[in-house]
Amino acid sequence: MSVDVERVPVLRSEFGTSDPDAAEVMSAEMYGAFKPRYGPTDGFTFDGRRTTAGSMSLDHLVHSSMSIDVAPLDYLMFVFVTGGTLNVTAGDLETRLRIGDTAVLPAGVPLSMSWERLGKEVMSVPLRAAEQAAAETGAGDGVSFVGTTPVSAAMDRFWRSTAGFVAHQLETPDSPLSEPLVYVQALNLLGAAAVKTFPNTTMTADYQPGPGTVTPAVLRRAVEFIDGNAALPLTLTDIARSASVTPRALHDGFLRQYGMSPLDYLHRVRLERARRDLQAADSRSGVTVASVATRWGFLNRGKFFASYYERFGQHPASTLRT
């Protein structure tokens, strides 16, 4: 059965102004309202380019020196400094960032920032991406970030690698993130990496009692929902809602019963659907391994090839030729 899912619009724009008032309007449209405090505005610059996919965005900016107060964000903003210095106060946290530094600006707290002729890359991601990752780990149904910089140098490198991979896919012509399943996969990657990299409440939560026993009937409902809706951009919350349980309870129940998480099972179902499509493809139709992988939400082609071979004992190209 074919399921039509609306494609995610991927939009690109470039901008630049030497007018502080115009820069304020553009910045407010991109990030939300703020109160600027300008120094000398001679030679003022606000230049950049933006790529968006759904509620995710990536900006490359060069901005003259200034200070701003920002109302609490309702999304996560990740910053990588490419020039100048950036001072950030997020609630009670104060951070000074230099070239090469990475930080998250957490949601839900007032922000104050000041900078000296700043170059930065800004990735904005819905808070729900991190919330989904927290639920998938069984740590709870919510998450708050309690620090702005990575917990270690190794995790900093991990975050940069993950964010860089997603950024490349986002900015690639004919971006695969226009496919809804790939878009959700990209959000899942960023959410999971953020929860592992930046200090947050999943790392400091006190022990919580287990969610209790989930009955086989509940798990069967979840399995049936996944099987029937694998072509849709599902989240753990969607699957749990279909079975009338919490994400954490469903996650733990799946692990006990099947030895895998609900999203691992979803991954396996999509892998099997990709194999079916490759087997059914007409060599004259122009179907490729890449197009099938993208259709079923596999953002990382290398991991798709590895998972496919591990599962089926042959490369996807061999299936397509058979």
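**Entry 1: largest pocket.** I looked up the lining of the largest pocket and found 34 residues. Gln-185, Asn-188, Leu-189, Ala-192 and Asp-264 lie nearest its centre. I note that this is a predicted model. I read a volume of about 970 Å³ for the pocket.

Which helices supply at least two residues each to this lining? I listed H2 (127-136), H3 (153-171), H4 (180-197), H9 (262-280) and H11 (301-312). H4 gives the largest share, nine residues. I then sorted the lining by class: 17 residues are nonpolar, twelve are polar and five are charged.

**Entry 2: helix H11.** I turned to H11, one of the helices in the pocket lining. H11 has twelve residues. From first C-alpha to last I get 16 Å, close to the 16 Å expected at 1.5 Å a residue. I checked both ends. At the start, a side-chain oxygen of Asn-300 comes to within 3.0 Å of the backbone nitrogen of Gly-302. After the helix comes Gly-313, with a positive phi near 75°.

**Entry 3: cavity.** How many cavities of 30 Å³ or more does the structure hold? I found one. I counted 17 lining residues, with Ser-27, Tyr-31, Ile-68, Met-113 and Lys-120 nearest the centre.

I traced the lining to its elements. Helix H1 (20-31) supplies at least two residues, and so does each of the strands E4 (56-63), E5 (66-70), E6 (75-90) and E9 (111-126). By class, I logged 13 nonpolar residues, three polar and one charged in the cavity lining.

Definitions and conventions
Residues are numbered from 1 along each chain as its sequence is written. This is a predicted model: local features need pLDDT of at least 70, side-chain atom pairs count only at pLDDT 80 or more; totals for chains, interfaces and linings use all residues. Side-chain values use heavy atoms; hydrogens and water are left out. On a 1 Å grid over the protein atoms alone, a cavity is a set of points where a 1.4 Å probe fits but cannot get out, and a pocket is an open set with protein on both sides within 12 Å along at least five of seven lines; lining residues have an atom within 4 Å of a point. Grid points are joined across faces, edges and corners, and a volume is the space filled by probe spheres set on the points. Helices (H or I, at least four residues) and strands (E, at least two) are DSSP runs, numbered from the N terminus. Ala, Val, Leu, Ile, Met, Phe, Trp, Tyr, Cys and Pro count as nonpolar, Asp, Glu, Lys and Arg as charged, and the others, Gly among them, as polar. The expected span of a helix is 1.5 Å times one less than its number of residues. A polar contact is a pair of N or O atoms within 3.5 Å; within protein, one must be able to donate a hydrogen and the other to accept it, and residues adjacent in sequence count only if both atoms are side-chain atoms.
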